[in-house]
Amino acid sequence: MSRKDTSTGAKARRGSGAHGGEGFRGRLTPGRVAALVVAVLTLVFIFENTKEVEIRLLIPEVTIPLYLALLGTWVVGGLCGAYLFHRRSR
């Protein structure tokens with residue numbers, strides 16, 4: 001059997017991580033960039049739709065700007081996604 005070379009492994013571990021030498025650029029993965037772009041485009045779409053609409057909430061019917069309905073739906077969807085993601089990681 002040969003001896004393991006641990007010098008490269010220790011060096012690689014030291015530079016990685018949240019507090020490592022990579023800084024901000026190390027945290028910008030392609031998935032995070034894509035999620036940020038989708039979030040920004042969603043917010044632009046939401047705030048471009050300002051027309052008032054009637055929405056039925058089970059029994060009452062309310063008239064609110066469309067952007068508030070879209071924003072509320074986006075927030076509820078984000079909270080549901082965060083809850084499901086949190087439950088999976090355990």
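What follows is a working chat about a predicted model of one protein chain.

Biologist: In what order do they run from the N terminus on?

Modeller: The order is α-α-α-β-β-α.

Biologist: How much of the protein chain counts as buried?

Modeller: Of its 90 residues, 3% count as buried. The accessible surface of the protein chain is about 8,200 Å², and carbon and sulfur atoms hold 64% of that surface.

Biologist: And contacts, what share joins residues at least 24 apart?

Modeller: Taking contacts between residues at least 6 apart in sequence, 24% join residues at least 24 apart.

Biologist: Aromatics next. How many aromatic pairs does a search of the whole structure find?

Modeller: The search finds one aromatic pair. Its members are Phe-47 and Tyr-67, with 5.8 Å from centre to centre and 40° between the planes.

Biologist: Why is that pair called tilted, going by the angle between the planes?

Modeller: Planes under 30 degrees apart count as stacked and over 60 as edge-to-face, so the 40° of Phe-47 and Tyr-67 makes the pair tilted.

Biologist: Which parts does the pair tie together?

Modeller: Phe-47 lies in helix 3, residues 30–48, and Tyr-67 lies in helix 4, residues 66–88. The pair therefore ties together parts that are 20 residues apart in sequence.

Biologist: What are the accessibilities of Phe-47 and Tyr-67?

Modeller: Phe-47 is partly exposed at 45% relative accessibility. Tyr-67 is also partly exposed, at 25%.

Biologist: How far is Leu-66 from Ile-46, by C-alpha atoms?

Modeller: Their C-alpha atoms are separated by 7.8 Å, and the two residues are 20 apart along the chain.

Biologist: What about Ala-39 and Trp-74, how far apart are those C-alpha atoms?

Modeller: That separation is 9.5 Å, for residues 35 apart along the chain. Ala-39 is in helix 3 and counts as partly exposed, with a relative accessible area of 22%.

Biologist: What does the side chain of Thr-73 reach?

Modeller: It reaches the backbone oxygen of Ala-69, at 2.8 Å. Thr-73 sits in helix 4.

Biologist: Is Thr-73 buried or exposed?

Modeller: Thr-73 is exposed, with a relative accessible area of 56%.

Biologist: Now charges. How many salt bridges does a search of the whole structure find?

Modeller: That search finds one salt bridge. The side chains of Arg-56 and Glu-61 form it, at 3.0 Å from N to O.

Biologist: How accessible are Arg-56 and Glu-61?

Modeller: Arg-56 counts as exposed at 56% relative accessibility, whereas Glu-61 is partly exposed at 43%.

Biologist: Is Leu-58 buried or exposed?

Modeller: Leu-58 counts as exposed, at 84% relative accessibility.

Biologist: Last topic, the surface. Which residues form the nonpolar patch?

Modeller: Leu-28, Val-33, Val-37 and Leu-41 form it. Together they have about 340 Å² of accessible area.

Biologist: Where does Leu-41 lie, and is it buried or exposed?

Modeller: Leu-41 lies in helix 3. It is exposed, with a relative accessible area of 56%.

Definitions and conventions. Residues numbered from 1 in each chain as written. Predicted model: local features only at pLDDT ≥ 70, side-chain atom pairs only at ≥ 80, totals over all residues. Heavy atoms only, no water. Phe/Tyr/Trp six-rings, centres within 6.5 Å; stacked < 30°, edge-to-face > 60°. Helix = DSSP H or I, 4+ residues; strand = E, 2+ residues; numbered from the N terminus. Buried < 20%, exposed > 50% of the residue type's maximum accessible area, 1.4 Å probe, protein only. Contact = heavy atoms within 4.5 Å. Areas by Shrake-Rupley, 256 points an atom, 1.4 Å probe, with all protein chains shown as cover. Polar contact = N/O pair within 3.5 Å; in protein donor to acceptor, adjacent residues only side chain to side chain. Salt bridge = Lys/Arg side-chain N within 4 Å of Asp/Glu carboxyl O. Patch = residues over 30% accessible without salt bridge, like charges linked within 9 Å, V, L, I, M, F, W, Y side chains within 5 Å.
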